[in-house]
Amino acid sequence: MLAFEENGALFGRGDEEQWLGGRIRSLVSRSPERDCSVLIEGEPGMGKSTLLAWAAREAERAGCQTLRMAATELDRHFPLRVVLDGLDRHSPGRTAHQAELADLLPHRDRGRRVREGGDTSPSQVLADHAAPLLVERLADVISRIAVEEPLALFLDDLHWTDEATLLLWQRLTRIAKRHPMLLVATSRRTTGRREVMQLRRGLIDRGARLLALGPMSPDAVAAMAGEVLGAVPDPRLRERLASARGNPFFVRELLDALRRAGRIPVLNGIARLTGDDGDEDDIRRLRTFTHRLDALAPATLEAMRMATLLGTDFAAADLAIVMNCTPVALLHAVEDAVAAGIVIDTGERMSFRHAELHHALYAAMPAAERSALHLRSAQRLHASGTPAEGVAEQLLQAHGELNDWAVDWIGNAVAELTDRAPDACVELLHQAVSQTPAGDARLPYLEQRLAEAAFEQRRPESVAIVRDMADRATEWDHRAALTAMLVLMLFWEGKWGEALVVIDELEAWGAGTYATYWAGRLRGLRAITLYSASRHEEAEAAAREVLAEPAETRDALAEAYARHALTFVLMRQRMTEAALAENAQTLMLCRQLSPGGAEARMRTNLLVTVLLYRGLMLGMTDQLEDALEILADAREQAVAAGSYGQLSGISLSRAALSWWTGRWDASLAELETIAGMPGIEWAPVIQHGITTLIHGHRDQHDAARVGLKELDEMPDPEGLQRAHSSYRIMAKALMAERAGRPGEALAVLLPTLNPEYARELDQRYQWLPDVVRLALQVGDHGTAQAAVVIATAEADREGHLGRRAAEGRCRGLAETDPEPLLAAVEYYRAAGRPFQAGQALEDTSVVLAALGDAERARDRFDEAIAFYRQVGAEWDIKRAHGRLRALGLRVGRPQQKQRTGWEALTPTELKVARLVAEGKSNPAIAAELYLSPRTVQTHVSHILRKLGLHSRTEVAREAAEHLNL
């Protein structure tokens, strides 16, 4: 079904009704044991939509807020359209969240304003509708709506939705346990779409309940027939209805066809079947719906044929545009179609009663005629002011039969389509490029836009698309620009050897003919790629060759690439301050480059990457606030330029900073935002490494095991990717130690003492104290001493106090000396690293206990436990108790962390609660605390759950008493 059937009666679904009713009652009562996600499956016509509509009505009657959504096949091309349309038509909590929803919702009245001469600027239309960011914002708004009152979301035909909507549904399922929220969706059991099947498995793995609708029983079919006919069906009619195989929709259609033929007279309350059965003919007509279409007047039939061009769901105003007439002229035809059961009038829009009805009309038109009509419809819709995605929808269905007008329109609409419908944008650009002949002045522009769009999406086919265009290009600058884009794509996929071959091929193709500035840019790209392939000396030589050019003739972009490569070299040499200085020069060059032109994407990509690495280096030197500001700048630059492929890298960097600084909830929330974003090859190893570390230290065994399983299935990374494996190494060692196998944990860390293996591991100094601790635990004093030597060498070479603190922890443990450990504690306190402070204090208490200073050992132990509780490191608390008990020091048993009440709130949650009480919004709190709005919402959810409250107003009232406001 394509729209909710408000009056559809349910037959033979009593068990499903009872179960869904129970879930709704659990939602209203906010039961902590409730099911939060339901997936209703079944073949077409089995009553999925009718059951969904029944559940929606029940939820409304029970006092829930409801959000109803129904997807169509064309929604696959347009990110989040089904959700935005649902919010536009029926927004729960609309009054409370009016401003945010207005900012999120697209301007549905744009066409009307265009025709009336109103504002049509792209900024008014787009309003920040980049899918990855919008998913995050929608999840935040919807979760806050649910906090106010229980919220039930109903999504019909999940299998037709786009990937961003699937991601949003997955996100909402994850957070539904923390909010009074119920998600109910319908889907076909088999869809042929990998992403839908992945979502299905993920939902079931997270506890979603599956309701599979099978055929109705014969008694249910008879009951349905009795309701439709107003009489009891006789045995012959019941036998005839068995041909519908228990499918509710076909039972109804068969009854309607038989009644139209006058074959079911009713006498004395009995409906009798008369005439010849003609099974095969009846079923054929039933399945092609000719019994309905034959009765339509010619004008009505033509209107419905044209309506199929607009999809299974359409607006009467759009149909009038396509038919080049007024809505009034269509009134009679639309009324006839409704009366004949062809379409359903849902108020603002019309919907075909069933997908098969739409298909029967649409397929009857020859393919060439359909393509021509779609092209004509696109032109008419564009002329009327329809938004770009509506025009694109028509051109996509022309199946590549584009005319000159269509090619021009695609070129002009790229900016709007890139944000609103990136999949459709790539497909249309690909069609336009394919049909534009060589020598056409439009071709280079179209190819460059296609390369940029493919680059941002980073799909498996993106490299092949750009490579093909680069190979066909005959003009040097154009070919070089496409090749540079290809090199960057291969770079992010970790295919550095292949990228170097591509550069070689371009240089050989244009030997002696290309401009000097391209020679420098290629050397700069080569330098970065060589470094990534672990050919560090060659990388430095290539970079310095660029910088050896006279400053007055040196290309700025080439110099920026070269300096970025030198930044990598300096980072590898553990010269962070020098790397920051080189990075600052690179950043200045990037900001001076023109934001426009053919190289705009290269400039933006480099600028965001440079900012990202600057943020990382500032974080490594414990300049946290500066690091967060830089990453916020990187995010703004990426969004402003539509460079969404880099957002995952920024989120990973923020998550890493939050991990090291004890903001573990923020780290987990940041990592959740990565799913569904165009990614980078090594993102999963960081993502699962950090999540496993956090869950492991928090003693959340099952969640940690899930992360470890993911890490175990990943190969040991090579080259530059090894730099991103630090979290994987630490996580695997932690999980081995948690399992009571310290020797295995040490074995995980031992390879990192090898200089060749560790040369890319710039975070190695962070776990050298763990190497010493584990080595001493298993009696391997040689390894402990080796780790001390390495830590000292790193601290001497770098000079950064963080490395000196790590050396102090190593030396203090190995030499049973509390003084270097206490110095490390003071550093970690000042740097805002509570977890490391707790570790250093734990080690200090162990050393003091070994020296017989029980009183000071207990004091340091209590301080360590306080820091561990600050971040929720319950497993580390247990380990600390065990280490001291082994030395004969009585410190009592580990106390369970308070789980409810104000005492259960973490320091960050207390800050958020105070700001909520001051009346600040989530975005305002996020800006003040350097968090994302989604992370703030996670904290608010935890606050409400721990305090047993239901709204921000209640938090403000309670805070006045507990926080002395």
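This is a short talk on how one protein chain is packed and which side chains pair up within it.

Good morning. One caution first: the model is predicted. Keep that in mind throughout.

Let's start with the whole chain. It has 965 residues, and 60% of them are buried. The secondary structure comes to 51 helices and 11 strands. Now look at the contacts between residues at least 6 apart in sequence. Of these, 69% join residues at least 24 apart.

Next, the nonpolar cores. How many residues does the largest nonpolar core have? The count is 210. Ile342, Leu395 and Trp409 have the most contacts inside this core. Helix H26, residues 476-492, supplies the largest share of the core, with 13 residues. A separate core has 38 residues, including Leu39, Leu138, Trp169 and Leu183.

Let's zoom in on Leu395. Set aside the neighbours within four places in sequence. Leu395 then touches Leu375, Ala378, Leu402, Trp405 and Ala406, among others. Trp409, Ile410, Leu428 and Gln431 are also in contact with Leu395.

Now to the start of the chain. Helix H1 runs over residues 14-28, which is 15 residues. From first C-alpha to last, H1 reaches 21 Å, close to the 21 Å expected at 1.5 Å a residue. Which residues of H1 are buried? They are Glu16, Trp19, Leu20, Gly21, Gly22, Arg23, Ile24, Ser26 and Leu27. Notice that Glu16 and Arg23 are on that list. What do these buried residues pack against? One partner is a helix, H2, at 48-61. The others are strands: E1 at 37-41, E3 at 151-156, E4 at 181-187 and E5 at 209-212. Just after H1 comes Arg30, with a positive phi of about 60°.

On to charges. The whole structure holds 60 salt bridges.

Asp468 and Arg472 form a salt bridge, with their closest N and O atoms 3.2 Å apart. Both lie in helix H25, residues 462-472. They are four residues apart, about one turn of the helix.

Arg773 and Glu737 meet in a salt bridge at 2.6 Å, N to O. Arg773 sits in helix H41, residues 764-777, and Glu737 in helix H38, residues 726-738, so this pair ties together parts 36 residues apart in sequence. Both Arg773 and Glu737 are buried.

Back to a pair within a helix. Glu863 and Arg860 form a salt bridge, and their closest N and O atoms are 2.6 Å apart. Both belong to helix H46, residues 854-871, and they sit three residues apart, about one turn. Buried means under 20% relative accessible area. Arg860 is at 18%, so Arg860 counts as buried. Glu863 is at 22%, so Glu863 counts as partly exposed. Salt bridges can also share partners. One such network joins Arg809, Glu842, Asp843, Asp876, Arg879 and Arg883.

Now the rings. The structure contains 13 aromatic pairs. Why is the pair of Trp476 and Trp509 called stacked? Their ring centres are 5.9 Å apart and their planes are at 15°, so the pair is stacked. Trp476 lies in helix H26 and Trp509 in helix H27, residues 496-509, so the pair links parts 33 residues apart in sequence. Trp476 counts as buried, at 10% relative accessibility. Trp509 is partly exposed, at 38%.

Trp659, Trp660, Trp664, Tyr727, Phe835 and Tyr868 form one aromatic cluster.

Last item: a charge over a ring. The charged end of Arg370 sits over the ring of Tyr362, 4.8 Å from its centre. Arg521 does this with Trp518, at 5.0 Å from the ring centre.

To sum up, there is a largest core of 210 residues, a total of 60 salt bridges and a total of 13 aromatic pairs. Thank you.

Notes
Residues are numbered from 1 along each chain as its sequence is written. This is a predicted model: local features need pLDDT of at least 70, side-chain atom pairs count only at pLDDT 80 or more; totals for chains, interfaces and linings use all residues. Side-chain values use heavy atoms; hydrogens and water are left out. A nonpolar core is a set of buried Ala, Val, Leu, Ile, Met, Phe, Trp, Tyr and Cys residues joined through side-chain atoms within 4.5 Å. Buried means under 20% relative accessible area, exposed over 50%, partly exposed in between (1.4 Å probe, protein chains only). Helices (H or I, at least four residues) and strands (E, at least two) are DSSP runs, numbered from the N terminus. Contact means heavy atoms within 4.5 Å. A salt bridge is a side-chain nitrogen of Lys or Arg within 4 Å of a carboxyl oxygen of Asp or Glu. Rings of Phe, Tyr and Trp (its six-membered ring) pair if their centres lie within 6.5 Å; planes under 30 degrees apart count as stacked, over 60 as edge-to-face and the rest as tilted. A charge sits over a ring if NZ of Lys or CZ of Arg is within 6 Å of the ring centre and within 35 degrees of the ring normal. The expected span of a helix is 1.5 Å times one less than its number of residues.
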